[in-house]
Amino acid sequence: MCGIIGYCGHRPAVPLVVEGLRRLEYRGYDSAGVSFVQSGALHVLRAPGKLAGLEKKLEDENVFSATTGMGHTRWATHGAPVEKNAHPHRDHEGKLALIHNGIIENYQEIKAELCAEGCEFRSDTDSEVLVNLIAKGMKLHGGDVMQALSWALGRVEGAYAIVLMSMDHPGTLWATRVASPLVMGIGTGENFFGSDIPAFLPYTRDVVFLEDGELVRITSGSWEVFNTATLAPIAKEVQHINWDVQAAEKGGHKHFMIKEIFEQPKVIRDCLLGRIDGGGVRLAELDGVPVPERLHIVACGTSYHAGLWGMYLIEKLAGIPVQVEIASEFRYRDPILPKGGLVLAISQSGETMDTLAGIKLAKQRGLPVLGLCNVVGSSVSRESDHVLYTQAGPEISVASTKAMCSQLTALLLLALYWGGKKGTLPAADCARMVTDLAAMPDVLDDALPGLRREAQKLARHYAGATSFLYLGRGMNFPLALEGALKLKEISYIHAEGYASGEMKHGPIALIDPDFPTFAIALDDELFPKVKSNLVEVQARAGEIIGLTNEGLDLAVEHRWNVPRAAGPLSAFVTLPALQLFAYEMADYLGKDVDQPRNLAKSVTVE
Ligand code: F6R
């Protein structure tokens, strides 16, 4: 999500920090800022938009004597992308500055407590709450920064990587993490923090990868790691990395797409942050919004496929009639949108022209709009009456992967939330699904390397195909559509996604030994139906990859067993399998995976 760099050394810190932020630009951001201690004062400079805005502000300052500093590029999760919300944030007495990547789930409770004690806030962020909590900890612990951090972090819930500086300790930085990336760079007479290695790569290749619950203190000549809770010292290994800048940007992966596929366990965790509570679902964004009588989902491309998947789920769990519309069709129809309905606009970028036009039409017809999007402050989020953010972090690969995973997570939360409100979903069923969903990131972390190996094997076998049929039924039908879309957009192999039962109404004419089928045939109530559809393919000598579960009676050319997951949760395993197959095909064929021809990340034209 956000970009972080911290520096303690012998060079002028501010230019080095700004240069580090520039190397993190590839991740995308909406504002930037730096802080440093100079002449006994803690300085913070921030600007919305690109780094040029920050550099312009720095032109008027003499920033060359500070040799400790830190900088941040923000990808908004709380509060609009404006200067007051940009990092670093200071505590209300202006003695501490903090940069933060992640989400503090219980910041509202802590903010209320601090407000009651007279603390004033200048931003809408959870990060400003955290720095003020640390300042309170300093008071409680006689000004000891380590004790204060340990105390404050013991009280917060959520995911974070933070770097802290103090006016009273101008040559020291502290940092810690939970479920957000943070690395330390070890130099000679200088040490670094970075959210990613490129932040400091020109200066050192000796790195220490920090783990959850570790607290670090650096100066120009020292670095020490402690357990955040107990402050007991921890021995860490320094690793030498040989990555070039491009590999470092991709976290050592060959492409952003594969990096983002592997980020999906984290994407699920981040989407759930602050939204599940015991066995229930809490969506503060929907407080006061009545459960809709009908839902009209409007989206394009991969987001449309997520919407289709959501339709099955919301109808089943919440009993709400759902219509899913391709935005470019919806906007030029004369749709019937009776009162009591809600339009759900799904968009990763929040800038897709057709989806925005759909929102406008809905509003003209008097229907409220809920935006489900990733980019905070985007047009969809501004035009919608309510917004649910997917919290997936920047998606760089043009082909969308982790964004869909986050949309599925959010749609499942919506179905559970509305099902609970309407009483169509028993609390025990909801609790079971919430528990299974919360466990999904670990399942996926374990499964992804094996899924990739299988995808590599299959890609080598099928790379000569010129066409593919993807089949799925029920909730797996939208996933079949998505599998086909991924394959065609990055490998340029023609692919069709079809509902298995519909195949005999036309596409079956195409089946021959050179036209393979990728079938989603999982352990669910529709398995026997899918199986008989596949027999029809086999009768015409078509080869089949069967994405299935161990123990199921399915005889196909290439059986691909994936871990079993309960009900709709199987999508969180199926989706990465489909993405990995497309990725490995495209990579094997030498295609430009991250920048496929003719495609753009944000489609802001008709
Ligand atoms: C496919 C893909 C596109 C987008 C579509 C909608 O990999 O990325 O199909 O899903 O252009 O984009 P958003 O979600 O930004 O509205």
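**Figure 1. Overall fold of the predicted model.** Of the contacts in the protein with a separation of 6 or more, 71% join residues 24 or more positions apart; contact means heavy atoms within 4.5 Å. This is a predicted model, in which local features need pLDDT of at least 70 and side-chain atom pairs count only at pLDDT 80 or more, while totals for chains, interfaces and linings use all residues. Residues are numbered from 1 along each chain as its sequence is written, and side-chain values use heavy atoms, with hydrogens and water left out. The secondary structure comes to 17 helices and 26 strands. Helices (H or I, at least four residues) and strands (E, at least two) are DSSP runs, numbered from the N terminus. The C-alpha atoms fill a box of roughly 80 × 55 × 45 Å along the principal axes. A compact globule of 606 residues would have a radius of gyration near 25 Å, and the protein agrees at 25 Å. That radius is taken over C-alpha atoms, and the globule rule is 2.2 Å times the number of residues to the power 0.38. Buried residues make up 58% of the 606 residues. Buried means under 20% relative accessible area, exposed over 50%, and partly exposed in between (1.4 Å probe, protein chains only).

Figure 2. Helix 11 covers residues 353-364. Its 12 residues should span 16 Å at 1.5 Å a residue, and its end C-alpha atoms are 17 Å apart, which agrees. The expected span is 1.5 Å times one less than the number of residues in the helix. The buried residues of helix 11 include Asp354, Thr355, Leu356 and Ala357. Gly358, Ile359, Leu361 and Ala362 are also buried. The buried residues pack against strand 17 (294-299), strand 19 (341-347) and strand 20 (369-373). They also pack against helix 10 (327-330) and helix 12 (379-383). Gly366 follows helix 11 and has a positive phi, near 85 degrees.

**Figure 3. Helix 4 within the protein.** Helix 4 (residues 126-140) has 15 residues. From first C-alpha to last, helix 4 reaches 21 Å, close to the 21 Å expected at 1.5 Å a residue. Gly142 follows helix 4, and its phi is positive, near 55 degrees.

**Figure 4. Gly419 in helix 13.** Gly419 belongs to helix 13 (residues 402-422). Gly419 is buried, at 0% relative accessible area. Leaving aside residues up to four places away in sequence, Gly419 touches Leu317, Ala318, Thr424 and Leu425. Lys486 is 67 residues from Gly419 along the chain, and their C-alpha atoms are separated by 32 Å.

**Figure 5. Aromatic pairs.** The count comes to 10 aromatic pairs. Rings of Phe, Tyr and Trp (its six-membered ring) pair if their centres lie within 6.5 Å; planes under 30 degrees apart count as stacked, over 60 as edge-to-face and the rest as tilted. Phe192 and Tyr203 form a stacked pair, 5.6 Å centre to centre with 20 degrees between the planes. Phe192 lies in strand 10 (residues 191-194) and Tyr203 in the loop between strand 10 and strand 11 (206-209), so the pair ties together parts that are 11 residues apart in sequence. Phe192 is buried at 0% relative accessibility, whereas Tyr203 is partly exposed at 23%. Phe468 and Tyr470 form a tilted pair, 6.0 Å centre to centre with 45 degrees between the planes. Phe468 is buried at 0% relative accessibility. Tyr470 is buried, with a relative accessible area of 0%. Ring pairs link Tyr462, Phe468, Tyr470, Phe518, Trp560 and Phe581 into a cluster.

**Figure 6. Charges over rings.** A charge sits over a ring if NZ of Lys or CZ of Arg is within 6 Å of the ring centre and within 35 degrees of the ring normal. The charged end of Lys50 sits over the ring of Tyr29, 4.4 Å from its centre. The charged end of Arg597 sits over the ring of Tyr492, 3.8 Å from its centre.

**Figure 7. Cysteines and disulfides.** The whole structure holds 0 disulfides. A disulfide is a pair of cysteine sulfur atoms within 2.5 Å. For Cys2, the closest cysteine sulfur is in Cys373, 16 Å away and too far for a bond. Cys2 is buried at 5% relative accessibility. For Cys119, the closest cysteine sulfur is in Cys115, 6.5 Å away and too far for a bond. Cys119 is buried, with a relative accessible area of 8%.
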